[in-house]
Structure formats: structure tokens, C-alpha cells
Amino acid sequence: MEQIMDIILFLHAFSGGISLVAGMIAIFAAKGKKLHNTSGVIYYWGMMAVVVTGLILGFYRTNIFILTIAVFSFYMVFSGRRTLLFKKQLKPIFKDWFFNILCLLCGLFMLYLGISNLLRIGFAGAVPMLLVFGFFLSWMCVDDLKLFSKKKYQKGQWLLTHIGRISGSYIATSTAFLVTNIHWEPQWIVWLLPTAVGTPLITLATRNWKRKFGLIKQSN
């Protein structure tokens with residue numbers, strides 16, 4: 001069994017490497033062009049491979065870190081790609097509802113584990129990761145549930161959601177890469193570094209597209 005797990009671990013790391021490279025290309029490539037679309041598709045399927053192998057490894061080795069990253073990354077990538085289909089009309093189907101509710105339950109469970117361990121051992125170990133990823137996963141799922149009750153996105157919202165979700169999944173992937181390869185105490189700094197760097201960049205990109213869509217006024 002361990003030999004099989006070693007193969008799965010190799011596939012997990014290999015898929016993660018492909019995703020990091022493809023994601024970086026997609027970030028800097030012109031949006032809507034062939035390079036962006038092709039690298040985006042490679043990133044999506046690379047991340048799906050990362051998620052599947054991560055879930056297998058996480059359950060087999062009872063590794064809460066791998067499981068948390070896998071679930072969080074899955075919903076970010078899944079919903080980020082699905083939103084491209086909602087450009088004109090919002091038509092969620094069964095799998096949208098199913099994975100939304102499933103991941104919401106996972107997010108709430110992460111928060112429960114994070115809070116209970118915070119009270120027991122303090123802000124150490126996996127606590128920061130569970131609190132941060134649990135909060136954002138739960139928030140995204142609830143936000144999407146509200147959105148599903150509407151008939152369509154507001155102007156440009158599909159693109160803003162796509163940027164936020166896919167970029168967020170890239171942050172999660174980068175977090176997993178850094179935590180696996182960099183052992184620096186306190187470890188929670190390594191866990192939160194990609195989020196601290198990536199979140200302001202996503203915010204700037206989102207504001208830029210909002211200006212282009214006329215959702216916020218141009219500064220004089």
C-alpha cells in the first residue's frame with residue numbers, strides 16, 4: 001500500500017508543479033487570448049489532479065493540512081470555472097448546489113476544529129490555516145448560495161468572481177508548496193504569507209476591472 005501512496009504522492013507533487021507554472025502563465029497572459037485560455041485549462045485539470053490525490057493522501061495519512069488545502073482549492077477552482085458559464089444568465093445545476101453545500105459543511109467543520117484547537121493549544125500548529133481557510137470557504141459558499149437565488153450576475157460580476165476564485169486557488173496551491181518545502185518557525189507565517197501577499201494583489205486587480213466595467217468611478 002505504501003508503494004501506491006508513494007506513486008500518488010509523486011502524482012500530487014507533479015500535478016502541483018504543473019499547476020503552479022500554468023497558473024503563473026495564465027495570470028500574466030492577456031485575458032481572453034489563446035495563451036490565457038490554454039494555460040487556464042491546464043491549470044484547472046492540474047488542480048483537479050492535485051485535489052483528488054490530496055484527498056487520497058490526506059485520508060490515508062490523516063493529514064488535516066492536505067485535506068484542508070484540497071477541499072479549499074477544489075471549491076475555488078470549481079466555482080471559478082463554473083462562473084465562466086454564467087456570463088449572461090445564472091443557471092446553477094445540481095452539481096453547483098451539491099458541491100456548494102458539501103464544501104460549506106467542510107468549511108464550518110474547519111472553523112470548528114480551528115476554534116476548538118485555538119482554545120486548547122493557542123495560535124499554533126494548524127490553527128491559523130483552519131481558521132483562515134475555514135472562514136473564507138464558508139463565506140464563499142454562503143455568498144454563492146445567495147447568488148444562486150438570482151437570475152443573473154450584475155455587470156461584469158462573472159469575471160470578478162472568476163478572477164477572485166482562481167487567484168485564491170493559486171494562493172492555496174502556493175501555500176501548500178511553501179509549507180512543504182520551507183520549514184521556518186513560527187510555521188504559521190509560512191502558511192499565511194501567500195494570503196498576505198496575494199490578497200492585496202487580487203483586490204487591486206478587481207478594482208481595476210470594476211473601473212473598466214464602470215462599477216466604480218474613475219479617480220480624478
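Me: What makes helix 5 stand out in the lining of the second largest pocket?

Reply: Helix 5 gives the most to that lining, with nine residues, where a helix is a DSSP run of H or I of at least four residues (a strand being a run of E of at least two), numbered from the N terminus. The model is a predicted one, in which local features need pLDDT of at least 70 and side-chain atom pairs count only at pLDDT 80 or more, while totals for chains, interfaces and linings use all residues. Residues are numbered from 1 along each chain as its sequence is written, and side-chain values use heavy atoms, with hydrogens and water left out.

Me: Which residues and helices surround the second largest pocket?

Reply: The second largest pocket, with a volume of about 730 Å³, is lined by 28 residues, among which W139, M140, L160, G164 and R165 lie nearest its centre. Two or more lining residues come from each of helix 3, helix 5, helix 6 and helix 7.

Me: How do you know that D144 and R165 form a salt bridge?

Reply: Their side chains meet at 2.9 Å, N to O, and a salt bridge requires a side-chain nitrogen of Lys or Arg within 4 Å of a carboxyl oxygen of Asp or Glu, so the pair qualifies. Because D144 lies in helix 5 and R165 in helix 6, this contact ties together parts that are 21 residues apart in sequence.

Me: Why are D144 and R165 placed in their accessibility class?

Reply: D144 has 6% relative accessibility and R165 has a relative accessible area of 7%; the cut-offs (buried under 20%, exposed over 50%, partly exposed in between, with a 1.4 Å probe and protein chains only) decide the class, so D144 is buried and R165 is buried too.

Me: What makes D6 and R61 a salt bridge, and are they buried or partly exposed?

Reply: The N to O value for D6 and R61 is 3.9 Å, which still counts as a salt bridge, and the pair ties together helix 1, where D6 lies, and helix 2, where R61 lies, 55 residues apart in sequence. Both ends fall in the intermediate class, since D6 has a relative accessible area of 44% and R61 one of 37%.

Me: How many salt bridges does the structure hold, and what does R82 pair with?

Reply: There are three, one of them between R82 and D96, whose closest N and O atoms are 2.8 Å apart. This pair links R82 in helix 3 with D96 in helix 4 (residues 94-121), 14 residues apart, and R82 and D96 are both buried.

Me: Why is the space beside Y75, S79, F86, D144 and F148 called a cavity?

Reply: On a 1 Å grid over the protein atoms alone, a cavity is a set of points where a 1.4 Å probe fits but cannot get out, whereas a pocket is an open set with protein on both sides within 12 Å along at least five of seven lines, and lining residues have an atom within 4 Å of a point. The largest cavity is lined by 13 residues, with those five nearest its centre, and has a volume of about 110 Å³. Helix 3 gives the most to this lining, with four residues.

Note on methods. Points joined across faces, edges and corners; volume = space filled by probe spheres on them.
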